[in-house]
Structures are given as structure tokens and as C-alpha cells.
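Hi,

Here is the structure I promised to pass on. Could you have a look at it when you get a moment?

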Amino acid sequence: MHYKQLSQQIFKKSSYLCVGLDSALDKIPSHLLKEKDPIFEFNKQIIDATIDFAVAYKPNIAFYEALGPSGWETLQKTIDYLPKDVFTIADAKRGDIGNTSQMYAKAFFESLNFDSVTVAPYMGSDSVKPFLTFEEKWVILLALTSNEGAQDFQFEELQNGKPLYEKVIEQSQNWGSHENMMYVIGATRNEQFAHIRQLIPKHFLLVPGVGAQGGSLKEISEIGLNKDGGLLVNSSRGIIYASSEKDFAKAAAQEARVLQEEMKVYLDQL
Ligand SMILES: O=C(O)c1cc(=O)[nH]c(=O)n1[C@@H]1O[C@H](COP(=O)(O)O)[C@@H](O)[C@H]1O
């Protein structure tokens with residue numbers, strides 16, 4: 001998907017919500033377990049219920065890999081089920097020496113036909129660039145993550161006084177452009193958010209960590225939105241596990257609607 005198409009979808013739906021499909025057999029409602037493919041049935045109902053409120057979907061690949069070969073089938077069915085006008089993110093956090101990254105890119109962009117994949121920057125430019133050679137496909141580079149362990153390396157101060165995550169952002173900018181690269185910035189990082197936005201005013205930011213991890217949609221939106229939208233805010237557990245009963249899809253729709261309605265307020269202020 002092109003930058004412009006994504007931006008148009010955001011204004012059409014008045015939403016920059018990404019629904020995280022972190023779907024696990026021990027978390028989905030028990031009545032679905034009798035289905036042939038319980039996770040696909042769950043995803044299908046979640047997608048149907050939330051599609052009016054979301055512009056992107058992000059299956060976290062770990063949840064599918066954990067199921068073995070059938071998990072990959074479920075993932076493929078889920079991605080095929082999603083309408084073509086939503087932005088799809090393979091949350092796989094990949095990155096390796098060049099020829100291996102090339103294969104990861106083929107797996108997610110050609111075989112599964114995702115629009116984007118999350119990539120770790122640790123191995124440097126030659127591990128990321130192979131992902132950037134595919135038309136209309138995106139790299140979403142981990143920059144400043146939402147988890148506690150982000151303190152271990154990402155905030156490490158370099159000789160020039162800047163934190164490591166800032167170097168990642170600055171150095172990676174010439175690997176691609178704002179039309180094929182996004183950055184992951186955790187919603188729990190609002191103290192750093194304004195400065196990051198200054199460094200990369202045009203890039204889309206994928207922001208996980210609202211809902212279950214406690215990030216504030218208001219603060220992130222006020223700082224992070226730009227004239228093209230510029231944000232994809234993810235919630236996984238807060239939406240998909242809003243209820244563990246038969247009404248789970250309705251409850252997911254309600255959670256997604258609440259986020260979308262708040263997003264509309266911020267978009268209308270642009
Ligand atoms: O790359 C990600 O999506 C990601 C980066 C990050 O810094 N923090 C983070 O939580 N995530 C992912 O975003 C999702 C967050 O899920 P919830 O906390 O349930 O909304 C999970 O799939 C995480 O793997």
C-alpha cells in the first residue's frame with residue numbers, strides 16, 4: 001500500500017487504529033475451541049466486528065508460529081480474509097545478514113502478501129535494506145520500544161550525549177524514505193515522543209502500548225499526528241480480549257469504537 005492510500009484511509013475512516021491479532025488458544029472464548037480452526041474463527045469475527053473502526057491489522061507472528069504448521073495456515077487465511085484497503089503488519093521483528101533478510105522479506109511480502117513487517121535494527125543497514133526493495137511494501141523499524149527492557153540498550157548514552165535509539169532513527173533515515181519506512185515508538189514513551197516527532201516529522205509511527213500496557217492515546221495523538229495522519233496506534237489484548245464470553249466480538253467492537261471516536265476528535269483538530 002502507498003503512503004497516500006494509507007493516509008486517505010485514515011481520513012476516510014477517521015481512525016488510525018491498528019487491531020493487534022495476538023490470538024492465543026488459551027485466551028479465546030472456549031466455545032470456539034470446537035471449531036476446526038478456532039483461531040481463524042476468532043480472527044474472522046474480530047475483523048468483522050472492528051473493520052469499520054480500524055485502518056490496520058497486526059497479527060503478531062509468534063502467536064501463529066507457536067502452533068506449528070497449522071498456525072501458518074491460520075495466518076495465511078487471516079491475511080487473505082482481510083479487505084485489501086486495510087494496512088497489514090506482520091509483527092515478526094526480523095533482521096539478519098542480507099541474504100537471509102531477503103528470504104524473510106519474501107516470506108512476508110510475497111508468500112503471505114503483508115504490506116509491512118517489523119524489523120529489528122541491531123544488525124544494521126545490510127540487514128534492513130533487503131526489506132526495502134519491494135514495491136509498495138514497508139519496513140517498520142524498532143526504535144524505542146514500550147517494554148521495560150528498552151532501558152537495557154535503547155537509552156544507552158553515546159559519546160555525543162545522544163541515546164542509542166536516537167542514533168537508530170537518525171542513521172536509518174537514509175536507508176529508505178517516509179514512503180517505505182515507519183518506526184515503532186512505544187505508547188509508554190510520551191516523554192521522548194515530541195523530540196522523536198521533531199527528528200522524523202513525516203514518517204508514520206507505529207505506536208503499540210495503549211490499553212493493556214497503559215499508554216495514553218491523548219498524549220500520543222496530540223504530539224504524534226501530522227497532516228497525513230502519521231500514526232498507527234495499536235491495541236491488541238484491550239480489544240480482542242475485551243470479553244471472554246460469547247459476546248467477545250461485540251465487546252471488541254465497542255472497545256475499537258471508543259478508541260476510534262477519540263481518534264476522530266484529534267483528527268478533526270488537525
Ligand atoms: O512491534 C510491536 O508491535 C511492539 C513493539 C513494542 O515496543 N511494544 C509492543 O508491545 N509491541 C507489540 O504490540 C502488541 C501490544 O499488545 P497489547 O499490549 O496487548 O496491546 C504486542 O503484539 C507486542 O509484541
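First, the ground rules. This is a predicted model, in which local features need pLDDT of at least 70 and side-chain atom pairs count only at pLDDT 80 or more, while totals for chains, interfaces and linings use all residues. Residues are numbered from 1 along each chain as its sequence is written, and side-chain values use heavy atoms, with hydrogens and water left out.

The ligand site

There are 17 residues around the ligand, and Asp22, Ser146, Gln213, Ser236 and Arg237 come nearest (a residue is near if one of its heavy atoms lies within 4 Å of the molecule). A polar side-chain atom of Asp22 sits 2.6 Å from a ligand oxygen atom. For Gln213, an N or O atom of the side chain is 2.8 Å from an oxygen atom of the ligand. Asn60 also has a polar side-chain atom 3.0 Å from an oxygen atom of the ligand.

The helix pairs

Helices here are DSSP runs (H or I, at least four residues), numbered from the N terminus. Axes are lines fitted to C-alpha atoms over the stretch in contact, and angles run from 0 to 180 degrees between N-to-C directions.

H2 (residues 38-50) and H12 have axes that come within 8 Å and cross at roughly 40 degrees. That makes H2 oblique to H12 (angles under 35 degrees count as roughly parallel, over 145 as roughly antiparallel, 65 to 115 as roughly perpendicular and the rest as oblique). On the H2 side, Phe42, Gln45, Ile46, Ala49 and Thr50 meet Phe248, Ala249, Ala252, Ala253 and Ala256 of H12 (contact means heavy atoms within 4.5 Å). By class, these are eight nonpolar, two polar and no charged residues (Ala, Val, Leu, Ile, Met, Phe, Trp, Tyr, Cys and Pro count as nonpolar, Asp, Glu, Lys and Arg as charged, and the others, Gly among them, as polar).

H12 (residues 248-268) also packs with H10 (residues 217-224), at an angle of about 35 degrees and with the axes 10 Å apart. Leu217, Lys218 and Ser221 of H10 make this contact with Leu259, Glu262, Met263 and Tyr266 of H12.

Finally, H8 (residues 164-172) and H9 (residues 190-199) pack at about 20 degrees, with their axes 11 Å apart. The two are therefore roughly parallel to each other. In H8, Tyr165, Glu166, Ile169 and Glu170 meet Gln192, His195, Ile196 and Leu199 in H9, a contact with four nonpolar, two polar and two charged residues.

Best wishes

Key. Polar contact = N/O pair within 3.5 Å; in protein donor to acceptor, adjacent residues only side chain to side chain.
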